[in-house]
Number of protein chains: 2
Amino acid sequence: MFEQLGLIGCGLMGGSFALALKRAGLVKRVVGYSKSPSTTEKARQLGVIDVEAPSALLAVSGADVVLVAVPVAATEATFKAIRHLVDRDMLIMDVGSTKRDVIDSARRALRENVGAFVPCHPVAGKEVSGVEHADPDLYSGKQVVLTPIEKTQVAQLAKAEALWDALGCHVLKMSPEAHDSAFAAVSHLPHMVAFALVNAIVSQPTGPDFLSLAGPGFRDFTRIAASDPKVWRDILMANRQELLEQSRLFQSSLAGLEKLLESGDGEGLESLIGQASSTRARWRMGKK
Amino acid sequence: MFEQLGLIGCGLMGGSFALALKRAGLVKRVVGYSKSPSTTEKARQLGVIDVEAPSALLAVSGADVVLVAVPVAATEATFKAIRHLVDRDMLIMDVGSTKRDVIDSARRALRENVGAFVPCHPVAGKEVSGVEHADPDLYSGKQVVLTPIEKTQVAQLAKAEALWDALGCHVLKMSPEAHDSAFAAVSHLPHMVAFALVNAIVSQPTGPDFLSLAGPGFRDFTRIAASDPKVWRDILMANRQELLEQSRLFQSSLAGLEKLLESGDGEGLESLIGQASSTRARWRMGKK
C-alpha cells in the first residue's frame, strides 16, 4: 500500500495505471503532471489524478511511488527534472517499450539513486492515446517485464513485483538486452511493417479506393498502424539496431515467399504458409 | 426465394452461406457436397446442409442456386464436374478472393452457359476453417464485390445482388481487374507479410521465447497468419502478378522508414508514422 503516487505523464498508460492503482486500493492519493497543462487538468476532471502538479519535480514531492509514463525519448529530461527529490526509499518505475535506452538515461540522470528505479514494460496498450482512453483494466491479465540492473535495490524490485502482481499482471524478469531483442521482433517490427504497408497503399493513386474495400483482416492487421507517432518514433529510434536486424530477417523471409510465387512452386508455398499458420494457431498470448 | 441450394464445398465460407440463407428463409433445401465425405456428413449432422450429395454434379441436380465455395485453384475442376447440369436459368456464384483466374476457369469450363455465373467475393472470413466454424452471421454487414463480365446475364446479376442484399451485405460491382488490384493491396499482401513475419520470428533460435512475450498488438497483426495454407496458397498464386507489384511498393515504403532510422532522422520518421497513423485512424471498414 502506498501513500502517494507521483504520476509523470497523464496519458493512456499513466492514466490507466493510476486508475488501476486506485481501484485496487493501493494508493491514497495521486499527484499528476503532464507537459500540457490542459492534459493535467483533464486528468483531474476525469478523476484519474487527485491533485495537479505544476512540474514533474512537484509531482514527485511527497510521493513514495513514482511512475514515469512519457515517450521514451523524454525519459532522460524527466529524470533530470526530478532527481533532486528522488531518494533511495522511493519506488520509481517507467512503462517504456524499450529498456536499454531508458536505463542509460536513468544511470546518467539519477546517478547514486538509480537503485530506486525499477525498469518496467507492461505489455499492454491501445492504438488510441490520451487520458480520455485511460482504462483501469488495461494492465489486467497482461505481462509486465521488469529488467533490473545490478544497482537496482532488491527491496524496490520486490515492491514493484508485488505492485504489478496486485494489478493482475504476470511479472517476468529478464535482462534489458534480452527484452529489447524480443520486442524488436514481436512488437517494434510489426509496428514498422504496419506503418509501411498503410503508407504504401495510401500513396498509390487508387489507394483510397483500395482502402474502402478492405475487410476484417486488414482491420486487425493494421490496427497498430494508428498508434501515436511521437511515441513510436521514439521506440523505433531507441531500438533501431535490433529493429533493423529483425527487419532484415523479415525481408529475407518475405523474399523466400516471393521466390516461390515467381517460380510457381505451389507446394513450397503451401509448406511455408503452413509453418506460419500452425505457429500462429498454436500461439497463446502470455504462454510458452 | 430459391427452391434448392447446391453447395459445393461445405467449409467455413460455404457452410456460413447455407446457414445464412436458411435463417433468412431464402431457400427450402440445401444439397451439399465436399471433397471429403466426412466433411459432407458433418455438415449434415450440424444442420448446415439437408442432403449429402455423392458428387459435385449431383449437388447441382435440381438446384436453382449453386454456390462454389472451394479453394480458388479447385474452381475449374469443379466447373468441369458440374457443366453438364448447368443451365442458363440457374444462378451460379463463387466466394473466391481472386476473380480473374476464377472467371478464366468459368469461361473455359462453362462455355455457352458462363452467363449463369456471377463472380462474387464476400469480404468476410475467419482465421479458422471448417464447417464446425460456420456462422450464419459471417456475411452480415460485410461488403460483397460482384465482378460481372460482358456475358453475365442481367437477370442472374440482379438475383445475385438481391440475394446478398437480403443477407445484410453491401453489394459493390467492379471489373475483375480492379478487384484483383485492390485485394492484392488490402488483403493478399497483408496475408503474405503476416506469414513472412511469423516465419521470420519462429525460425530464430530464440524465436519461441520471443513469441511468448508477444502482446495484443502482435495478436491482432498476425491473426491472419493462422489462415488455411491451401486456400491462401491458391489465392497468392492466382494473383501473384498484382501481389508482387504491391509487395514491391510495400518494400520500398519499408526501406524509406529504415533509411530514416539509419540516419537518425526522428522528424522524418515521425512524419511518415503520422501519415500511416492518421490514415488508419480515419479508416472505417466499408466506408469511402
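Over residues 3-288 of chain A, the chain is 52% helix and 13% strand, with the end C-alpha atoms 37 Å apart; helices (H or I, at least four residues) and strands (E, at least two) are DSSP runs, numbered from the N terminus. The UniProt annotation "domain: Prephenate/arogenate dehydrogenase", from an unreviewed entry, covers residues 3-288 of chain A, and such annotations, given in the numbering used here with feature names shortened, may be inferred rather than shown by experiment.

This is a predicted model, in which local features need pLDDT of at least 70 and side-chain atom pairs count only at pLDDT 80 or more, while totals for chains, interfaces and linings use all residues. Residues are numbered from 1 along each chain as its sequence is written, chains are lettered from A and ligands numbered from 1 in the order in which they are written, and side-chain values use heavy atoms, with hydrogens and water left out.

A rotation of 180° with 0.0 Å of shift along its axis superposes chain A on chain B, with an RMSD of 0.0 Å, the superposition being by least squares on the C-alpha atoms of residues with pLDDT of at least 70 in both copies. That is the relation of a two-fold axis, and in chain A the C-alpha nearest this axis is that of A:Phe221, 2.0 Å from it.

Between the chains, 86 residues of chain A are in contact (heavy atoms within 4.5 Å) with 86 residues of chain B. The area buried between them, that is, the accessible area (1.4 Å probe) that two parts lose on being put together, summed over both, is about 7,900 Å², of which carbon and sulfur atoms give 70%. In chain A, A:Leu213, A:Leu261 and A:Arg280 lose the most area to chain B, together 9% of what that side buries.

Leaving aside its neighbours within four places in sequence, A:Arg233 is in contact with B:Gly266, B:Leu269, B:Glu270 and B:Ile273. Within chain A, the C-alpha atoms of A:Arg233 and A:Ala73 are separated by 9.0 Å, although these residues are 160 residues apart along the chain.
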